[in-house]
Amino acid sequence: MRNLKRQLLAGPYILWMAGFILLPTLVILYYAFTTTSGNFSLLNVTSITFSVHLKALVLSLKLALSCTVICLVLSYPLAMILNNMKSKSQGFIVFIFILPMWMNFMLRILAWRLLLSNNGVINSLLGALNLPGFDILNTPKAVVFCMVYDFLPFMVLPIYNAMARIQPDIIEAAKDLGAGNITIFFKIIVPLTMSGVISGIIMVFVPALTSFAISDLLGGGKVLLIGNVIEQAFMQEYNWNLGSGLSVVLMVFVIASMALMNSHGDEGGGTFA
Amino acid sequence: MMKKSIERIYLLVIFLFLYLPILVLIVLSFNDSKAKVVWGGFTLRWYRELFSNTAVMEAFYTTIFVSLASALIATILGTLAALGIDAMRGRGKAIMLGATNIPLLNADIVTGISMMLLFVRFTRLGLNTVLIAHITFNIPYVVLNVLPKLKQSSRTTYEAALDLGATPLYAFFKITWPQILPGVLSGFLMAMTMSLDDFSVTYFTKGAGINTLSTMIYTEMRKGIRPEMYALSTILFMIALILLLFMNFRPAARKERKNP
């Protein structure tokens, strides 16, 4: 009896989530599968096969994948180095790598626009040294650059946390049994950090795939990602049905990529345990 | 020895990658020249202009209001929810936990758009809709921070208090509350952080004339960059630095980290 009463405390939360998660999802599905006049239609969803939309989706997948791979390659050694520093300053050094994450997302984009632009800081420095400038603003490269900068902490932190949880005894035992550093790395460290890597990949890949602000501000209108197509459908063309249809397609890709990663994660954890 | 120096260099390179852009913003905020790369002498002009710019100040106050209010309401709803979920068993609990993860994993743009589509059916977009949207994506952070603390808290002490004649409310505040308080606080802070940094959800759910810092900077950047934005960056960076220093290095946080 008392237990049931306690369960009721979740009531407001359940109502809130029904009203502001479930209901909006139903509304977006309604728009996605109807025409402006309210008739059932699959056109909004199938319009992803139009060449403009398809190109945007493919580019988004490509950029999100490059961003995720770069983040992973940068983060793994970084997490290892941070974890190996068994000193008093460790907390402080981890803090240093979290701090930039706390600055407003938009301002981090602003900083990169400033650095990368034609007459920006990097090119001026290169020019002063009589080196050839590089012109990557308004290209997909600039977008990936900024995505890596924005999402890197989301990769570093889960991997670092997974590494910090590895018991030093296990590594000691492996050494006693004659394992070399390379064996230890592949047989112990990699499998035990797999869960961190998986959640890092999800936390970088999903926002990279769905972002529209970075490509808008650093792509100069030339880098059209699926997020930009959706944003323009809503804010410029006022075609809510098309925008909803494409959003649903995007959701399917997000869910599919997560399902894919999670199934691999279970296998990785399973083989070791 | 060799390995150590390679590690040092690697850390330095990443450190530069992370902080060079911020450093540039800070330096330019004191630069008395509209050109990006010419040093025109030290000035506080951009800071003065920033503080006299009503649009920026309004966006600043809106941001603070939305993040504090949404974090507070989310903390209340989320803590109650965690208490309720903790009392559940079996399938009901599994469903609740699964449902709590959905908003965390959903793409921001889709969350924002779907809420906007709902809001325009029933009301006008404005400050309220932004607040509701922020509360919605904030609650799960609170729930997920409080639940583990509830699991660790001792149920028997609470029941003993009841047996000794305490009312459930009295027993809760004397026994359970102090044990879950760290989780409630970290949930609140996490919710506030997420709210402060949000762009996509605000962008779609805000009404005309309402701006948080994120959406205001976005609009400004589409028009071109004004040096006041550098001053704003510097101030926000300093606030983040101070807050994070305070949170990480207060004595309580130290103790917690030592015995996780």
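These legends accompany several close-up views of a predicted model.

**View 1. Where chain A meets chain B.** Here we look at the contact, to which chain A brings 60 residues and chain B brings 55 residues. On the side of chain A that touches chain B, helix 2 (residues 11-32) gives the most, with 12 residues.

**View 2. The helices of chain B.** In total, its secondary structure amounts to 12 helices and zero strands. The radius of gyration of chain B is 23 Å, well over the 18 Å given by the globule rule for 260 residues, so chain B is more spread out than a compact globule. Along the principal axes, its C-alpha atoms fill a box of roughly 75 × 65 × 30 Å.

**View 3. Inside chain B.** Now for burial and contacts within this chain: 40% of the 260 residues of chain B count as buried. Take the contacts in chain B between residues at least 6 apart in sequence, and 76% of them join residues at least 24 apart.

**View 4. A:V206 and its surroundings.** This valine sits in helix 10 (residues 181-210) of chain A. A:V206 counts as buried because it has 24 C-beta neighbours inside 10 Å, where 20 or more are needed. Setting aside neighbours within four places in sequence, A:V206 is in contact with A:V254 and B:A107. Look also for A:I255, which is 49 residues from A:V206 along the chain, with 9.3 Å between their C-alpha atoms.

Terms used
Residues numbered from 1 in each chain as written. Chains lettered and ligands numbered in written order. Predicted model: local features only at pLDDT ≥ 70, side-chain atom pairs only at ≥ 80, totals over all residues. Contact = placed C-beta atoms within 7 Å. Helix = DSSP H or I, 4+ residues; strand = E, 2+ residues; numbered from the N terminus. Rg over C-alpha atoms; globule rule 2.2 N^0.38 Å. Buried ≥ 20, exposed ≤ 12 C-beta atoms within 10 Å, placed from the backbone.
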